[in-house]
Each structure stands twice: as C-alpha cells, then as structure tokens.
Amino acid sequence: MNKPRALGPPQHHHLRSTPCTRTHQIGALLLLVATFFLTRLFDHSFAPCSNTAATAAIGRDGAHESAVARFDGGGAFAWPRRGYGDRLSLRIYVYEEDEVDGLKALLSGRDGRISPESCVKGQWGSQVKIHKLFLESRFRTRKKEEADLFFVPAYVKCVRMMGGLNDKEINRTYVKVLSQMPYFRLSGGRNHIFVFPSGAGAHLFQSWATYINRSIILTPEGDRTDKRDSSAFNTWKDIIIPGNVDDKMTSDAAVQPLPLRKRKYLANYLGRAQNKVGRLRLIELAKQFPEKLECPELKFKGPDKLGRQEYFEHLRDAKFCLAPRGESSWTLRFYEAFFVECVPVLLSDQAELPFQKVIDYKKISIKWPSSRIGPELLEYLESIPDQSIEEMIANGRQVRCLWVYAPESNPCSATNAILWELQRKVRYFHQSTETFWLHNGSFVNRDLVEFSKWRPPMPLP
C-alpha cells in the first residue's frame, strides 16, 4: 500500500540551494538603504524650482497653498476638491419678478417706483449686484426641473430704507411669495437662495425662522445675538459674503495708496460713534494720542460728514485702518482697507469673514480684542516693523479681488467665490417634512397629490 504523499512545494532534487548566510542578509539590507537614499536624491534633483515669492507648497488635494491663500497651477484661487469638486458645475434658476405674485414688490416697493439703480449704491448694493450677475451667469437655467438651486431676488433692505415697504408688508409679502413656489415646498426651502446684505441679516423678514430657516442665506452678517434672541446665520448652510465696496474704490482709477513713510498717522477710524462702546473708546483714545490716531467725530450729514473722495484720502493716510463693530458685528471698513492698502485691524469679536476655505486672514489682517481698546493697542501697532506691514499689504493685494462683485469671467471675484461655496450646498436628493415619495419615483404631498399637480397657494413647510 502506497503511503500518502505530503502536500507542499514540488521537490527539485537536481538543484542545490545555497544557504542564506548572515553576509547575504547584511548585503540585502545595505542595498535597500542605498536604493532609498538614491531615490530621494533624484527626486530633489529633478523637482521643479519653488516659487519663493509665494512660498508655495502642494496641498493634499493638489492645490498650491501660498503664504496667504490657496492657488491652482494657473495662479487662480483653488477651492479644495474635497466637498467642492474639480470644476464649477451648477444649474441655478432665477425667479423672474413677474413670475410670482408679490416678488415685484420685494424688488421695487408697493408702487414699483424704486429702481435697481437706486439700490445698487451703498453697502447694501450686493443684493442688486448678485441678482444681476446670476441673471447673466453661464450657470443659469430656465428649466426648474433641472435646477440644482433657486435664487429668490429681493431688494428689501433698500426698499424698506426708501419707504417702499414697511416691516409688516415685507413679512406678509415674503410669505405670499413663498406660498406660490412648488419647488420651495418640495425641498422645504433647502435649495433656495436669499440675499440679506445688511447688519439686520435675515431678520428683515420677521418670520424667517419659521419659513426660511433651512434655506441658504447670503449675508455679510454672522452674528446678531446682541439684539436678537438668536442669530439668523448658520455656519453649516449659509454663506458669508463681502460687503459692497464702492465701485470707485475698487477700480484702477481709485485713490492711489501712499508710501508708508508718507502716511501721517499710525492708525485711523473714520466713522460715526453711534453711541457704541468700542467706537467711543477710539474717539477718546484719539484725543489722548492725536499724533498717532485719527478719529474725528463724524456725523451722518452736515459739515462733519466726509464725502466719498475725502473719505478715501483720509483712509489711505494711516498704516492701520481700525474696524470696530457698529450696529452689528460686520464692518465695511474691513474690506475698504484693502483698496487703500492699509492693514485692517478688526475690533469686532463676533465678526465672520468670507471664503475661509481659501484665505489665511492672519496674513492680511489683525484681530484685536474689543475689550482691550486703549493705549495698549497703539503700542502694539507701533511695535510692528514696516517690513511686516508691507508684507501684509502685499498679501492683501492678492486677495482683495475676492471682495469685488465682478462678472464670473473674472476668475478672482466675489461672484466666483460665491458660486464655489454654493456648489458645496448642492444636494442630489431633496426632502422636507411635508414631502413624500412612492415606489414609482413620484413625489407627493400629505394628501398623496403628485408634485406636478400642486397648485398655489400651498401651505408652507
């Protein structure tokens, strides 16, 4: 009887194996170490030269991270691929003013007498500029069924300021408009965009917390808890946008910056006191150190009010532009400072800043505790060497294009930055507490009525 054969590798009796000695092991280890160091040497020898001006480094997702911001290989700002994608691919539907009953009143008042031209000026002009840019956008779609997002235009801050609607009318009109939007009800408003460009934020719509608390809000204001029970800004769904800097200031024909050696003051604050603690402290500080801090008691009108050109000329005459909070935490002076090339010093603890995914604000500005406004602040600013100030100003030149509401054909603009941030908000699927779906893929309401048959006015989610 044959014995069972053990399973194992085939036996080659005609070959004699050489034993692995300690000498072989040491030689193999030395070969491995030599290969590693030679590989590193060749990598450094053939790597492209670094850009010392930008001190660039390759980020995890392939973007160059400079001293101040993230750039792609072509020098444009690079949003991180993670969560944003490789390229802009949006479809935005813009509601027409005659499409929804009441929308025209939110744009031009109850009598229709307020024009976009009268609303585009001043710090709230972003509501008009964003509307116009979205109307002209290559990402605009005229088919609701293919839209990723829906833009609801309204100039309510301007309309209210010019007497076109009062607070109750604004609230009532918003509710009326939303009740006529089937797609708003379908998603619970999650894919609808609203712009509130003032310090009041979404509080201009008194019932915002009931109706648009899930919608995307574009606003420069990140905090109003000082005057409200809660802030309308939510960092997870909303987008901080730059304030509307005067077009003359952002153009090449604006007031030219002065060399540091020719600037008269260390710092300045040019604005009204409005009985705000931080601003009042600055005015008192200027009285103690008039040679260092320019801080006149300006008024809203009359001889103590600066004209725009005069304002720009004063603003450029200091190394640092102080930006304390006013009625709200955001301040337009923070953005204006970049165009006269003084370093902005933020004196508003709750302020939120835009586009933090691509900008390192430590490289272009200073944030100082508002509770420590006093001689200590001036001593600190005075201790900063001019070389460091020049570096911060140079960094600021790289990013200030992101404060300008220019056409999206300009790769560096507030418009493109907002589009990138909106792309991150897009959802493949939409739901709300008042929408349901069936096995055949159809959406229905609580009464099992198909979406295509929903008719306004509809109960709001």
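Is asparagine 275 buried or exposed? In this predicted model, local features require a pLDDT of at least 70 and side-chain atom pairs count only at pLDDT 80 or more, whereas totals for chains, interfaces and linings use all residues. Residues are numbered from 1 along each chain as its sequence is written, and side-chain values use heavy atoms, with hydrogens and water left out.

Asparagine 275 is exposed, with a relative accessible area of 66% (buried means under 20% relative accessible area, exposed over 50%, and partly exposed in between, with a 1.4 Å probe and protein chains only). This asparagine lies in the loop between E9 and helix H11 (277–288); helices (H or I, at least four residues) and strands (E, at least two) are DSSP runs numbered from the N terminus. Although not a glycine, asparagine 275 has a positive phi of about 60°. A positive phi of about 55° is also found at phenylalanine 355, again not a glycine. Phenylalanine 355 is located in the loop between E12 and E13 and is buried, its relative accessible area being 3%. Most residues other than glycine have a negative phi, and most peptide bonds are trans. A cis peptide bond, with omega of about -5°, joins proline 456 and proline 457. Proline 457 belongs to the segment after strand E15 (443–444).

Five strands form an open sheet in the order E10-E9-E11-E12-E13, with parallel pairing (two strands pair if DSSP finds at least two bridges between them). Strand E10 (293–294) and strand E13 (366–367) are the edge strands, each pairing on one side only. Strand E9 (residues 265–268) and strand E11 (residues 318–324) run parallel and are joined by three bridges. Asparagine 268 has cysteine 321 of E11 as its bridge partner.

Helix H13 lies across E11 and strand E12 (343–347), running at about 165° to E11. Axes are lines fitted to C-alpha atoms, for helices over the stretch in contact, and angles run from 0 to 180 degrees between N-to-C directions. Helix H12 (residues 308–315) packs against helix H13 (residues 332–340) at an angle of about 75°, with the axes 10 Å apart. H12 and H13 are therefore roughly perpendicular to each other (65 to 115 degrees; under 35 counts as roughly parallel, over 145 as roughly antiparallel and the rest as oblique). The contact (heavy atoms within 4.5 Å) involves Arg308, Tyr311, Phe312 and Leu315 of H12 together with Arg333, Glu336 and Val340 of H13. By class, four nonpolar, no polar and three charged residues make up this contact of H12 with H13. Ala, Val, Leu, Ile, Met, Phe, Trp, Tyr, Cys and Pro count as nonpolar, Asp, Glu, Lys and Arg as charged, and the others, Gly among them, as polar.
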